[in-house]
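Reader: I am new to reading protein models. Can we walk through one together?

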Amino acid sequence: MKEIRIIMNMPVIIDVVDKNVTQKMFDEVFDYFIYIDEKFSTYKSNSEISKINRGEVVEENYSEDMKNIFSLSLETKKITNGYFDIKKPDGSYDPSGMVKGWAIFQAVKILEKYGMKNFYVEVAGDIEVRGHNHDGENWRVGIQNPFNKQQEIVKVLHLTNKGIATSGTYVRGGHIYNPKDGDTIIKDIVSMTVIGPNIYEADRFATASFAMGREGIKFIESLDGFEAYMIDSAGIATMTSGFNKYY
Amino acid sequence: MSLFKKIFVSSCFIFGFIANVFYQRNSDIKVTSLAKDNFNLITKQDFKIEAFEDDDEEEGGVIGRQLVTKPITPSTSSAPVIPSVPIANIPQGKYRDGEYLGNAAVALYADEFLQVKAVISGGKISDVIFVQSPNKRPQSIRVASKAMPILKQEAISVQNENVDAVSGASYTSAAFVESLGVALAKARV
């Protein structure tokens with residue numbers, strides 16, 4: 001059973017192979033993403049993050065999920081030597097680089113709670129895959145051609161029990177900044193796809209490694225359990241040394 | 001202060017200033033690593049600095065600058081035109097089964113369009129398909145980039161295999177949401 005809904009202005013896609021899946025499970029996962037949007041969307045003036053950015057909430061009164069996100073963001077900032085940072089150049093917080101992957105990871109737990117074993121959950125190109133697809137094989141995930149937004153594929157990967165996230169230019173109609181260099185916009189590389197043990201890990205490191213520019217591929221190479229495929233503005237892809245096990 | 005002392009102090013400043021200029025123009029500069037923990041973001045390198053900008057002297061020391069050459073980019077040098085489309089209200093509620101085409105919404109560059117088709121099954125969105133636009137941007141000239149040691153490189157090429165899902169960074173574009181919104185408005189019961 002497969003269903004797509006637009007939440008957080010992005011397509012949220014759930015595809016479950018297990019025969020005993022129910023609509024109730026789907027509804028619970030979609031409702032979870034609506035909850036996430038209400039809390040973390042910087043586009044919603046009543047969201048908790050918008051209130052925080054207006055100075056209306058002190059840190060000790062943040063909700064548990066918000067405290068969790070800030071804590072994970074700080075830890076990620078340290079691991080990535082500052083290249084992952086939810087604080088924007090204007091001083092406001094935008095945790096979307098952390099929330100998307102983290103929320104998918106929590107949503108996957110909902111399906112697992114019901115005993116689902118073969119499925120994927122995706123939000124706008126960030127995907128966690130579990131078990132096998134409808135043909136009984138590893139999930140086939142394509143990497144989108146960053147130069148043609150008509151969903152051309154430039155690489156086909158075969159994945160199971162992994163998270164895959166792609167950071168690239170023109171995300172959210174804006175840019176990914178290099179937090180080490182004021183408001184320099186990343187232009188040298190156009191796409192960084194990271195495969196990790198789950199989508200939370202893949203997403204945070206995709207965001208951080210993209211901000212590092214061309215050096216990002218070396219960062220992922222240095223991490224155990226992660227592989228990456230980086231595409232530069234000349235259309236040349238560089239991959240980590242273990243990436244070939246996925247295609 | 002006597003005249004002799006004034007001349008002496010002034011000469012020392014002038015001499016020091018000239019010496020600093022010569023020193024900076026001819027030094028090999030070591031850029032130390034920013035590596036922390038178990039990875040190196042920038043490795044130790046020696047740079048021979050060919051030219052400096054004049055404001056370096058004001059900081060009172062030797063400052064290394066890496067000469068950066070901009071790669072030739074395939075895209076035009078102008079910044080992408082981000083359409084000022086308000087975030088579309090995606091209609092919620094029941095949909096009729098069938099396939100519904102969205103509009104060709106302006107995406108990113110003024111000469112590029114993005115169009116989607118919504119597939120409704122059982123009253124729900126079961127798929128969103130990208131429709132090939134007749135106004136595709138021409139493929140740009142590919143310039144070989146500097147090879148990275150050890151890591152494998154390849155020129156990207158379009159694959160025609162079917163896939164279950166796609167990982168990419170373009171779904172958040174306003175054009176995608178706009179085109180899908182139009183498709184869903186047609187599908188609404």
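Reader: Where is the place of A:Asn9 in chain A?

Author: Helices (H or I, at least four residues) and strands (E, at least two) are DSSP runs, numbered from the N terminus. A:Asn9 sits in the loop between S1 and S2 of chain A. Before we go on, two ground rules. Residues are numbered from 1 along each chain as its sequence is written, while chains are lettered from A and ligands numbered from 1 in the order in which they are written. This is a predicted model, where local features need pLDDT of at least 70, side-chain atom pairs count only at pLDDT 80 or more, and totals for chains, interfaces and linings use all residues; side-chain values use heavy atoms, with hydrogens and water left out.

Reader: What is the phi of A:Asn9?

Author: A:Asn9 has a positive phi of about 60°, although it is not a glycine. A:Met8 also has a positive phi, near 60°, and is a residue other than glycine. A:Met8 is in the loop between strand S1 (2–7) and S2.

Reader: Is A:Met8 buried or exposed?

Author: Start with the cut-offs. Buried means under 20% relative accessible area, exposed over 50%, partly exposed in between (1.4 Å probe, protein chains only). A:Met8 counts as buried because its relative accessibility is 16%. A:Asn9 has 24%, so it is partly exposed.

Reader: How many residues of strand S3 of chain A are buried?

Author: Five of the five residues of S3 (residues 119–123) are buried, so the strand is largely enclosed by the rest of the structure. Now the general idea. In a regular strand the side chains alternate between the two faces of the sheet. In S3(A), one side has A:Phe119, A:Val121 and A:Val123.

Reader: Which strands does S3(A) join by bridges?

Author: Two strands pair if DSSP finds at least two bridges between them. Strand S2 (residues 10–16) of chain A is joined to S3(A) by five bridges, and the two run antiparallel. A:Ile13 has A:Glu122 of S3(A) as its bridge partner. Five bridges also join S3(A) to strand S4 (residues 126–130), again antiparallel. There, A:Phe119 has A:Arg130 as its bridge partner.

Reader: How many residues are between the strands in the hairpin of S3(A) and S4(A)?

Author: Two residues are between them. In this hairpin A:Ala124 takes a positive phi near 45°.

Reader: Which residues does A:Arg130 touch?

Author: Contact means heavy atoms within 4.5 Å. Leaving out residues up to four places away in sequence, A:Arg130 touches several residues, including A:Glu112, A:Phe119, A:Trp139 and A:Thr160. A:Arg130 lies in strand S4. At 15% relative accessibility, A:Arg130 counts as buried.

Reader: What separates the C-alpha atoms of A:Arg130 and A:Asn145?

Author: They are separated by 24 Å, and the two residues are 15 apart along the chain. A:Asn145 is found in the loop between strand S5 (139–144) and strand S6 (153–159) of chain A. A:Asn145 is buried, with a relative accessible area of 3%.

Reader: Which polar atom pair involves A:Asn145?

Author: A polar contact is a pair of N or O atoms within 3.5 Å; within protein, one must be able to donate a hydrogen and the other to accept it, and residues adjacent in sequence count only if both atoms are side-chain atoms. A polar atom of the A:Asn145 side chain lies 2.9 Å from the backbone nitrogen of A:Phe147. Not counting residues up to four places away in sequence, A:Asn145 touches A:Glu152, A:Val154, B:Ile156 and B:Val158.

Reader: Where does A:Val141 lie, and what does it touch?

Author: A:Val141 lies in strand S5 of chain A. Its relative accessible area is 1%, so it is buried. Beyond residues up to four places away in sequence, it touches residues of chain A, including A:Ile127 and A:Leu157. It also touches B:Val163, B:Ala165 and B:Ser167.

Reader: How many helices and strands are in chain B?

Author: Chain B has two helices and eight strands. From the N terminus on, the order is α-β-β-β-β-β-β-β-β-α. Of its 189 residues, 30% count as buried.
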